[in-house]
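Hi,

Here is the structure I promised to pass on. Have a look at it first, and then read on for my notes.

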Amino acid sequence: MQINRRQFIKLSGLGAATPSLFLGGCAERPLPGQGEVAVTPTVCDICFWKCAGLVHSENGKPWKITGNPDDPHSDGRLCTRGSGGIGAYEDRDRLKQPLLRVRRDGKDSFEPVSWDEALSFIADRMQQIGQEHGKDRLALLSHGSGGSHFERLLKAYGSHIYAHPSYAQCRGPREVAFALTYGESVGSPDRTDMEHSRCVVLIGSHIGENLHNGQVQTLTQALDSGATLITVDPRFSVAAGKSDHWLPIRPGTDIALLLAWMNVLINEQLFDADYVARYTSGFEQLREHVQPFNPEWAFLETGIDPALIRKTARAMAQHAPATLVHPGRHTTWYGDDTQRMRAIAILNALLGSWGRKGGFYIQEKVELPDFPAPKPPKSKTDWKAIVQPDFPLAPSGLSQAVIEASIGEEAHIKGLFVYATNLPITVPNIRERLQRAADSLELLVVVDTQPAEITGYADVVLPECTYLERHDNLRNSPERVPTLALRTPAFEPRHDSKPGWWMAQQLAQRLGLEKYFPWKDYAEVLDWQLQQVGTSLEEMQRIGVKRFPRRTAMYFQQGETRSFNTQSGKIELYSGLLAEFGHDALPRYTPPQPPPPNHYQLIYGRAPAHTFGRTTNNPLLFELMPENHVWISPSAAVEHGISNGDYIQLKNQDGVVSNRIRVRVTERIAPNAVFMAHGFGHNAKGMRLTHGVGADDSSLITNVKIDPIAGTTGMRANFVTLVTDSGGSEA
Ligand code: SF4
């Protein structure tokens with residue numbers, strides 16, 4: 001098959017409705033009372049927390065979304081972004097019809113086509129790939145629950161290659177480290193029992209800026225009941241402002257602090273000796289390992305006063321086991337991230353907080369059977385051994401490895417589906433590799449609701465309707481109370497958009513795989529599943545959320561013996577598996593790379609109004625926060641002659657220069673660092689509100705540190721100088 005050289009296509013004009021931009025999109029909506037109000041249950045899709053909500057409409061027009069009061073996930077409240085979900089539905093820039101890449105006069109562009117043309121094109125290309133290379137040569141990169149429909153399709157075809165950037169670009173090190181230590185991961189939502197914590201330790205975790213609903217609420221409950229809060233952050237974050245102890249650590253030295261805390265707990269006999277003896281293995285190796293790392297040693301690395309290190313270690317011990325050293329979520333920082341997360345896991349074990357009230361609770365979900373259908377055929381190859389052979393301990397696909405395995409004529413992957421993930425700004429330093437992959441692939445399909453940058457690489461763009469217009473899988477996340485929540489359409493799909501489940505089923509029919517999708521529509525699947533657990537679609541359409549009784553206790557019982565899913569059957573302080581694979585069995589501290597002269601450490605993070613770059617074109621959320629700012633210290637501002645509100649650019653250690661970004665001068669950032677919110681600086685012209693607004697941190701992350709254990713992408717080892725209009729930039 002001929003390999004196409006793809007030109008990146010900017011979706012500038014397609015689907016443009018009117019030139020009016022600001023807050024355009026959203027219809028005027030008078031207060032209700034004049035028409036018929038309907039309420040439809042949903043599960044929010046604005047971030048992965050999946051809060052259950054209620055969509056209120058009047059005469060079929062959207063009015064507002066509120067939290068479902070029966071939902072333990074959200075306690076009946078939505079965050080700012082969830083409340084702005086109607087903006088996603090009304091966004092005038094959303095994708096409106098299927099698009100097919102065509103080349104005329106040597107120039108690529110997209111042409112609107114019918115669904116039949118788009119789906120038949122994809123099915124034909126899949127068949128060609130299967131015949132010429134094998135049916136195991138297709139892959140999926142996805143984010144969000146809707147990706148499961150395409151995973152089912154590719155598995156039915158014979159390809160099992162899939163990855164989610166939420167692993168390699170976010171929580172992978174955490175999941176690997178906790179699985180190595182406890183035999184199971186933290187999970188999502190995180191199994192943190194903060195509502196009962198008496199002491200919470202946040203290490204680079206920005207709860208409050210990062211609005212994971214349940215986390216914000218339970219941290220607030222802990223603080224309201226007088227819990228001690230210890231925050232480790234080079235930035236005076238929102239959480240730092242609420243803390244009893246703020247430890248403004250030197251970036252990249254967290255493992256040194258964690259080792260010093262262990263040193264104090266062990267040497268002052270403050271650890272939970274009974275828990276350690278009953279449940280753990282490797283304590284003697286750990287004791288010996290941490291001896292050199294006393295607080296005085298850690299001070300030289302971290303800049304944290306040894307007395308404060310001792311004081312905070314004692315505070316943790318005082319409240320244990322109701323002390324939670326929070327595992328964080330975005331954990332891909334410096335490339336030694338699995339070791340840092342292992343140190344956090346081990347510290348929690350010393351405090352006896354895993355499985356204990358106020359620490360980490362035991363999650364449960366509903367036992368929900370799958371709709372009866374044949375099992376997909378087994379893949380004829382071990383794809384992980386082919387695509388990511390250097391990372392045998394990575395339990396998930398690595399997005400960057402899947403892209404890499406799509407480059408060149410000999411590449412294993414020949415066809416790629418990308419579902420709801422904007423790879424150019426999600427996977428660091430990937431644009432050139434992504435373009436090469438696009439040049440090599442014989443089929444690249446993008447399924448999305450908006451014309452994000454990734455659509456420019458596609459052969460075919462399939463417009464999905466938003467979560468307010470479709471059914472999806474039931475939410476059945478492991479948590480305190482086993483609960484099901486329903487997402488059901490509140491509105492008909494706008495334009496010519498369709499739900500993902502429909503696209504996958506239609507493709508299956510064209511490929512002769514309909515036996516794997518044996519339902520009339522997705523309502524039939526949901527109703528069948530719900531009936532197996534004693535409810536129905538009809539009931540769930542009324543209530544939205546249903547709670548089920550727990551089958552097991554939420555915490556370890558007094559004196560209970562337990563077996564853990566590790567090699568030794570114990571909580572592994574010393575990891576035999578890591579030693580077997582040639583890695584450090586106990587966390588090792590590696591000093592961070594020093595900044596080049598006159599550079600600032602680049603720190604990025606979240607803003608409460610947005611979820612990555614996926615919401616910056618949402619007209620309601622755009623109005624709340626249209627652009628990001630770069631935080632710089634007053635001393636840096638004076639040095640560069642910069643004032644609050646000025647626009648500057650950032651130039652990284654490899655010479656990459658950002659879009660212009662507005663300055664916020666603040667004492668809340670260390671003098672040697674800058675901070676910016678992630679998700680801005682889009683160059684996709686079709687996202688007209690957010691195009692060119694603010695700066696993109698991911699373009700500045702060109703130094704990517706791969707974690708040797710988890711295979712994940714460390715992104716914090718990047719540095720910038722400040723470029724001003726006068727050119728008077730680099731200090
Ligand atoms: Fe939606 Fe906010 Fe819940 Fe995320 S935390 S699912 S954005 S309401």
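Which salt bridge do the side chains of R137 and D136 take part in, and how far apart are N and O there? They meet each other, with 3.9 Å from N to O. Both R137 and D136 are buried. Before you go further, please keep in mind that this is a predicted model.

**Salt bridges**

As background, side chains of opposite charge can pair when their charged atoms come close.

Another one to look up is D45 with R470, where the closest N and O atoms are 3.3 Å apart. This pair ties together distant parts of the chain, 425 residues apart. D45 sits in the loop between β1 (37-43) and β2 (52-58), while R470 is in the loop between β15 (460-463) and β16 (483-485). What about burial? D45 is partly exposed, since its relative accessible area is 30%. R470 has a relative accessible area of 3%, so R470 counts as buried.

D45 and R470 also belong to a network of salt bridges that links them with E464, D472 and R487. If you click through those five residues in the viewer, you can follow the network yourself.

One more pair for your list is K546 and E539, with 3.4 Å between the closest N and O atoms.

**Around the ligand**

Which residues surround the ligand? They are C44, I46, C47, W49, K50, C51, L78, C79, R81, G82, L211 and N213. Sorted by class, this shell has eight nonpolar, two polar and two charged residues.

Next, find helix α8 (residues 254-267) and helix α12 (residues 306-319). They pack at an angle of about 65°, and their axes are 9 Å apart. The crossing of α8 and α12 is right-handed. On the α8 side, the residues in contact are L257, A260, W261, V264 and L265. On the α12 side they are I309, R310, T312, A313, M316 and A317. By class, the contact of α8 with α12 has nine nonpolar residues, one polar and one charged.

Most residues other than glycine have a negative phi, and most peptide bonds are trans.

Where are cis peptide bonds found? One joins S188 and P189, with omega about 0°. P189 is in the loop between α5 (165-182) and β8 (199-203). Another cis peptide bond joins A320 and P321, and omega is about 10° there. P321 belongs to the loop between α12 and β12 (323-325).

Then there is phi. N429 is not a glycine, yet its phi is positive, at about 50°. You will find N429 in the loop between α16 (423-426) and α17 (431-440). With a relative accessible area of 45%, N429 is partly exposed.

N598, also not a glycine, has a positive phi of about 65°. N598 lies in the loop between α21 (576-580) and β19 (600-605). N598 counts as partly exposed, as its relative accessibility is 47%.

Is S575 buried or exposed? S575 is buried, because its relative accessible area is 0% and buried means under 20%. S575 lies in the loop between β18 (571-572) and α21. Leaving aside residues up to four places away in sequence, S575 touches L180, R342 and A585. S575 and T181 are 394 residues apart in sequence, but their C-alpha atoms are 7.0 Å apart in space.

I386 is in helix α14 (residues 383-387). I386 is partly exposed, with a relative accessible area of 40%. Again leaving aside residues up to four places away in sequence, I386 touches T381 and H412. Between the C-alpha atoms of I386 and A401 there are 9.9 Å, and along the chain the two are 15 residues apart.

Happy browsing!

Conventions. Residues are numbered from 1 along each chain as its sequence is written. This is a predicted model: local features need pLDDT of at least 70, side-chain atom pairs count only at pLDDT 80 or more; totals for chains, interfaces and linings use all residues. Side-chain values use heavy atoms; hydrogens and water are left out. A salt bridge is a side-chain nitrogen of Lys or Arg within 4 Å of a carboxyl oxygen of Asp or Glu. Helices (H or I, at least four residues) and strands (E, at least two) are DSSP runs, numbered from the N terminus. Buried means under 20% relative accessible area, exposed over 50%, partly exposed in between (1.4 Å probe, protein chains only). Axes are lines fitted to C-alpha atoms, for helices over the stretch in contact, and angles run from 0 to 180 degrees between N-to-C directions. A crossing is left-handed if the near helix is turned anticlockwise from the far one by less than a right angle, and right-handed if clockwise. Contact means heavy atoms within 4.5 Å. Ala, Val, Leu, Ile, Met, Phe, Trp, Tyr, Cys and Pro count as nonpolar, Asp, Glu, Lys and Arg as charged, and the others, Gly among them, as polar. A residue is near a molecule or strand if one of its heavy atoms lies within 4 Å of it.
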